Amino acid sequence: MFPDRQPRSFLDAGVLSRLASVPLMARRPMQGSVSGRHPSPHRGSSVEFSEYRKYVPGDDLRRLDWRAYGRSDRFFVKEFEADTNLRCCLVLDTSGSMGYGSAGVTKIEYARRIAGALGHLAMRQGDAVGLACVAKGLVQTIPPKRNPAHLMTVFDILEAAKPQGETQLATVLHELAETVRQRALMVVISDLFVDPGELRSCFQHLRFRRHDLALFHLLDPKELSFDFRRPMRFLDMEGGPAIFAEPNEIADRYRKAIGAYLEGIQEAVRESAVDYHQVKIDDDYEQVLLRFLVGRARSRGVR
């Protein structure tokens, strides 16, 4: 559907074809520029009946329900749900830690697959797609547009993104909450090396601004299992000092710390109604996306 100038390493035509049958839906009403498949906060003319309300002077007489008038001797107006398109803003963490991977793929490579597939699916159904690359601030950003040629620019940036530097994800999410002025589906793809308290604050900020926030939390299997057998030098991929340690001596403390961290993340997303997906980068990304899309399709129309 979208001819490209070059093959993309993060796009799989078979995966895109199989996922195309499940729409990418918004959980919150969107404010788009054209008619689409997503619920709008405004009422309009649609095939999907919403409710009756009492007639007030100035209402369109064509929307009067004469059968209701015949039964009750009162004027009622039919209201319908208006549907619109959405703005899909892909937020990609490109900090140094996203270059880690022990399972044959790095986090940044896995993130490209998620972002590329969602961008393709959104554009295919007529939605606008944008991208923000985040490390120590906004590395690169491109606003959402509906032009298929624009998607090629998004793919170019995805292809060129390199993991480096520290992360200031929470600060950037606060910034995006204000600069993306109209309601949008914000898809954040990150390993979330941020204090859960800071994340809770920016999640609530995004919710206050009426954005629909989806979060893919990427973790390497060894980050969860800490399955190291011999003394090792552990490097901070975001610029901190290296630590030489005997894994057996610190394993219990590490697992306790990461357990508390993940519990903090879970609490933050529950309080902020975030569509949260914890993903190990050895998981099949097609199945991860399928669960994400099906879950959203089931919750369509939440207002």
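Accessible areas were computed by the Shrake-Rupley method with a 1.4 Å probe, and for residues only the protein chains shown count as cover. On this basis, the chain exposes about 15,400 Å², of which carbon and sulfur atoms supply 50%. The structure is a predicted model, in which local features need pLDDT of at least 70 and side-chain atom pairs count only at pLDDT 80 or more, whereas totals for chains, interfaces and linings use all residues. Residues are numbered from 1 along each chain as its sequence is written, and side-chain values use heavy atoms, with hydrogens and water left out.

Of the 303 residues in the chain, 47% are buried (under 20% relative accessible area; exposed means over 50% and partly exposed in between, with a 1.4 Å probe and protein chains only). Contacts are defined by heavy atoms within 4.5 Å. Among those between residues at least 6 apart in sequence, 77% join residues at least 24 apart.

Two residues illustrate these descriptions. Met123 belongs to helix α3, which spans residues 107–124, and is classed as buried because its relative accessibility is 3%. The C-alpha atoms of Met123 and Arg87 are 9.9 Å apart in space, with a sequence separation of 36 residues.

Ser299 is located in the segment that follows α9 (285–298). Its relative accessible area is 22%, and Ser299 is therefore partly exposed. Although 272 residues separate Ser299 from Arg27 in sequence, their C-alpha atoms are 6.4 Å apart in space.

How values were computed:
Helices (H or I, at least four residues) and strands (E, at least two) are DSSP runs, numbered from the N terminus.
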